[in-house]
Amino acid sequence: MCLTSPDGEQLTSNAILTWADQSRVAWHYIAPGKPTQNAFIESFNGRLRDELNETLFTSLAQARVELGHWRADYNDTRPHSQLG
């Protein structure tokens, strides 16, 4: 198993690094300024921003509800190329 983290150790907790070491999980970092090293999540984040960018959230509760609706639509309704 391999995990990837952006921008080096400053964004990674010691607990995660200890777990990865004990679990024999390889930990790799995305080089700063190299989003193509994690293109899937960059694409996902861009899609999320584009689709929710026009929404003005008035509370954290509203943001959670709207994101929940978006996530359900994204995971359950939309056709995904990887799923055929």
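From the N terminus onward, the elements of the chain follow the order β-α-β-α-α, giving 3 helices and 2 strands in total, where helices (H or I, at least four residues) and strands (E, at least two) are DSSP runs numbered from the N terminus. The model is a predicted one, in which local features need pLDDT of at least 70 and side-chain atom pairs count only at pLDDT 80 or more, whereas totals for chains, interfaces and linings use all residues. Residues are numbered from 1 along each chain as its sequence is written, and side-chain values use heavy atoms, with hydrogens and water left out.

Of the 84 residues of the chain, 13% count as buried, that is, under 20% relative accessible area with a 1.4 Å probe and protein chains only. The chain exposes about 6900 Å², of which carbon and sulfur atoms supply 53%.

Helix α2 (residues 39–52) and helix α3 (residues 60–77) have axes that come within 12 Å and cross at roughly 125°, the axes being lines fitted to C-alpha atoms over the stretch in contact, with angles from 0 to 180 degrees between N-to-C directions. The contact (heavy atoms within 4.5 Å) is made by Phe44, Arg47, Leu48, Glu51 and Leu52 of α2 together with Leu67, Trp70 and Tyr74 of α3. By class, this contact of α2 with α3 has 6 nonpolar, no polar and 2 charged residues, where Ala, Val, Leu, Ile, Met, Phe, Trp, Tyr, Cys and Pro count as nonpolar, Asp, Glu, Lys and Arg as charged, and the others, Gly among them, as polar.

Notes: Buried means under 20% relative accessible area, exposed over 50%, partly exposed in between (1.4 Å probe, protein chains only). Accessible areas come from the Shrake-Rupley method with a 1.4 Å probe; for residues, only the protein chains shown count as cover.
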